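Open the model in your viewer and keep the selection tool at hand.

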Amino acid sequence: MTPPDYEYLRKLLKDQSGLDLSADKQYLIESRLVPLSRKCGLSGIPELVQKMKGGSSALVAQVVEAMTTNETFFFRDKIPFDHFRDAIVPELIKARAARKSIRIWCAASSTGQEPYSLAMCLKEMAGALSGWRVEIIATDLSQEVLEKSKSGIYSQFEVQRGLPIQMLVKYFKQNGEFWQLNADVCAMVQHRQLNLLHDFSQLGTFDVIFCRNVLIYFDQDTKINTFGRLARATEADGFLVLGAAETVVGLTDTFKPNPDRRGLYRPNDSRTAKMPAGGPKFAAAAWM
Ligand SMILES: C[S@@+](CC[C@H](N)C(=O)[O-])C[C@H]1O[C@@H](n2cnc3c(N)ncnc32)[C@H](O)[C@@H]1O
């Protein structure tokens, strides 16, 4: 790959997805885009870049998707789900007792293991949530991962990563070498394609936002900008959950960390204008 082609791809990826590649990541681009070029019947990255410059927006979308890292697994890092079960949901059950509804957003949900882990947690708490309306919105930049998420079908390898065996037995049916998540759990999650760099105010406000392992790929200004918009999308007494390698500390005061619970943040009162409470009522919200 020539240096100008690398610079072109680097800028395009930053503009389109926020991916901030340092000057020495040629190998990463090559390992992902050489196979894509071949799949598209092109001779290599130079021809791919030429076609993209020629205005192929479908190809640009394919390149952006190919460069995303979709690594995820059920109950990833465990602690955020302990926070969810032991602190977040119990607090919301008290705070939302009058309206009996909870809105949750998984803001980079990849192939679905994260939103479905939350859905299974809520199923396990069904007694305390009886009669409650629960919305889980799963969004991702990549349409391909969303399609897999919607299917609720996982391989043996995927269900062996992080999912307790009791939950596998309770919430999945085996179908040959695959496992199908039960329809009632699938139905708790609604999927939308959404780029975090773009305006997401149309989603409304949330009681809980899981935004994990995506901001690490953004540069500092993009992180700060995204935190500001996430704060406006979080209810004043809501929660933000970040990934193990992510923090607001040193970047923004729109959220404050919970000193007792790592990775858990709450909006600061001093943050800027808030969006109107609630959000569009998507048809597929689940009643517990
Ligand atoms: C490493 S996965 C994290 C999945 C899950 N949150 C977790 O922690 O297990 C990162 C996801 O972010 C998505 N992504 C990357 N850039 C994005 C953007 N600008 N807007 C929305 N999603 C993005 C990728 O497609 C990928 O599925």
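Predicted model: local features only at pLDDT ≥ 70, side-chain atom pairs only at ≥ 80, totals over all residues.

Residues are numbered from 1 along each chain as its sequence is written, and side-chain values use heavy atoms, with hydrogens and water left out.

**Stop 1: the ligand**

Ala, Val, Leu, Ile, Met, Phe, Trp, Tyr, Cys and Pro count as nonpolar; Asp, Glu, Lys and Arg count as charged; the others, Gly among them, count as polar.

Now show the polar contacts (pairs of N or O atoms within 3.5 Å). Thr 72 places a polar side-chain atom 2.6 Å from a ligand oxygen. Leu 196 has a backbone N or O atom 2.8 Å from a ligand nitrogen. At Leu 141, a polar backbone atom is 3.3 Å from a nitrogen atom of the ligand. Taken alone, the ligand exposes 600 Å², and the protein buries 98% of that (Shrake-Rupley method, 1.4 Å probe).

**Stop 2: the largest pocket**

The ligand sits in the largest pocket; more than half of its atoms lie within 2 Å of the grid points. A pocket is an open set of points on a 1 Å grid over the protein atoms alone, where a 1.4 Å probe fits, with protein on both sides within 12 Å along at least five of seven lines; lining residues have an atom within 4 Å of a point. The space is about 480 Å³, a volume filled by probe spheres set on the points. Of its 30 lining residues, Thr 68, Thr 69, Asn 213, Val 214 and Tyr 217 are closest to the centre. The lining has 15 nonpolar, 9 polar and 6 charged residues.

**Stop 3: the second largest pocket**

This one has a volume of about 220 Å³. Select its lining, including Leu 36, Lys 39, Gln 62, Ser 142 and Val 145. By class, 3 are nonpolar, 4 polar and 3 charged.

Key:
Polar contact = N/O pair within 3.5 Å; in protein donor to acceptor, adjacent residues only side chain to side chain.
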